[in-house]
Amino acid sequence: MNNSARLFTPAAVVSVLVLIVIPLGVALLSFGQQLGAVTAAELLRFSNAPGLVPATVYSVALAIVAPLLACYMALAFSARTSHKMSVWLSPLLSIPHLAFAVGIVFLFSPSGWLVRALHSVSGAFAVPPEVALLPERSFTTLLVVLILKEVPFLLLMIYSACAQLPIARYRQVGCSLGYSATASWWQLIVPELLRRLTLPMAAVMVYTVSVVDIPLLIGPNLPGVLAQEVLAWQRDFAPYAGVNALLGSALLLGITLCLLGLNRLHQPLYAWALTWVWRSGRAMPKVLHVLGGTAMHVARLWLPMMVVLSIGVLVSLAVWSLASGWFYPRVLPSAINADLWQREWLYVQPMIWTTLKLAAASATIALVAALACLEAQHTSRRRWPQWPMLLVLLAPQLPLVMAWQYGASMFQLAPHLGWVFWAHCVFAFPYAYLVVAGDYQRYDRRWLLVGQSLGYSPLGCWLRLLLPMLRRPILYGWVIAFSVSVAQYVPTQLLGAGRVVTLTTEAVNVSSGGDRQLLSFYALWQFILPLAALLAVALYLALVTRRQNA
């Protein structure tokens, strides 16, 4: 065993234990112990809880429709774009979901900027319309926001999968069989991509069924989605609310297992449909050709649309945080002042500092753990399966964090910043691993042999050659992990018990007050931190490139 193996293998073992095995093991033990104490009467009472059925239907529909639409939008977009477009994915991925959702509502709600602009141009909508593109709180708004934010992640996974497939050869085979480029993409390449997207799609489905903070802001009310109802029970001090929260978490776990099973059937069903069409000698229905062609054309507009939307979100949050007397239907506020910033600055300063410390530290730990696991995987001469690294993403977050909370209560451990930091590391690690893994596994190891032939040790070659050559994906992996930590709401709220206040928890808290200016202020700061990290990394990479080219 060489020096690098002696270093990376123990680091990888510790990383897997602390960030995967212990979190899941503690969750299983504490959750199982709590469920074992549930009586039949409590189970019957839970099954009759008001709003349980519609909340469950909302969650299941959302977790199936949003990932599938996002998946096929990403596949359609990937068919006609270059892999160079992947440089845009890190900025889009770094935008926190919550800040993006708030900005989208400010743009497209019945009293949003778009309706105000239409009124100024046409005179229509003298009062906010009851039906707008996106209501302020609805299942449709939640669905659209989740789709828009899930497409970049799936695009990143598609580009990583495409690098492992002979795409050009598949296209040549398709052309030789008489297929167009579009038909070759959907009938030859997409089945292979869907097989490699099984794990990413599972992660997206699990996130969608268990997300809490975005439904709290823009989701339907009375009832909300199931995760939203479970969190409400968890916070409630009414009799049997705690048992309802526990059983609701168990229901979320059951739904998750069903969704994972359905996800496994996605690629086989797609391949079966193609095979059935081929063997029957039938042409695809004309309506499908029309829909497919339309989807391909619309997909070309996705990237510029997302760039414009992201800029619009940032501008709308900034303007709302500085607006004074902005009443409908005015397009612009009557005055711009920094009164809110001056009034809230003393309160937001410690939140910014806490959020920054947590995000920077957890992103660094997550990235180091991901690099240790990837290098240990290489030195072991065996390819590790990817799914163990993503186990935390394949478990719904709310039941997982609630189980940690039960475990802490059993051992009489008080809420502490350390537990919040550990949870942030746990959830940031798989994202750092996913972003870095593709480039790391494709790295040409012959460069390291050249370095060793010049007298450097294996560890020296790893530090002096591999890390600088993979500087871009490694730094962007850190940015994504940083953004994931900034966006954490459930672990910060439950494990911190209100004692650890971040920008995300405060943004959700102030959203219940209906003060748009205050909400935009905290959402803007949640947007600014990942943006600042991304700009710092981009500037550093530009300076390094300029120095190398000089």
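Buried means under 20% relative accessible area, exposed means over 50%, and partly exposed covers what lies in between. The structure described here is a predicted model. In this model Arg 195 has a relative accessibility of 43% and therefore counts as partly exposed.

Two further residues of interest here are Glu 192 and Arg 196. Glu 192 has a relative accessibility of 21%, so this residue is classed as partly exposed. For Arg 196 the value is 33%, which again means partly exposed.

## Salt bridges within helix H9

Four salt bridges are counted in the model. One of them links Arg 195 to Glu 192, with 2.9 Å between the closest N and O atoms. Both residues belong to helix H9, which covers residues 181-196; they stand three residues apart, so about one helical turn separates them.

Glu 192 also forms a salt bridge with Arg 196, and here the closest N and O atoms are 3.3 Å apart. This pair is four residues apart in helix H9, and the separation is therefore about one helical turn.

Where does the salt bridge of Arg 445 and Glu 375 sit in the chain? The side chains of these two residues meet at a distance of 3.0 Å, N to O.

Are the two partners buried or exposed? Arg 445 counts as buried because its relative accessibility is 17%. Glu 375, at 4% relative accessibility, also counts as buried.

Gly 32 is located in helix H1, which comprises residues 3-36. Its relative accessibility is 40%, so Gly 32 counts as partly exposed.

How far apart are Gly 32 and Ala 507 in sequence and in space? The two residues are separated by 475 residues in sequence, and their C-alpha atoms lie 33 Å apart.

Conventions: Residues numbered from 1 in each chain as written. Predicted model: local features only at pLDDT ≥ 70, side-chain atom pairs only at ≥ 80, totals over all residues. Heavy atoms only, no water. Helix = DSSP H or I, 4+ residues; strand = E, 2+ residues; numbered from the N terminus. Buried < 20%, exposed > 50% of the residue type's maximum accessible area, 1.4 Å probe, protein only.
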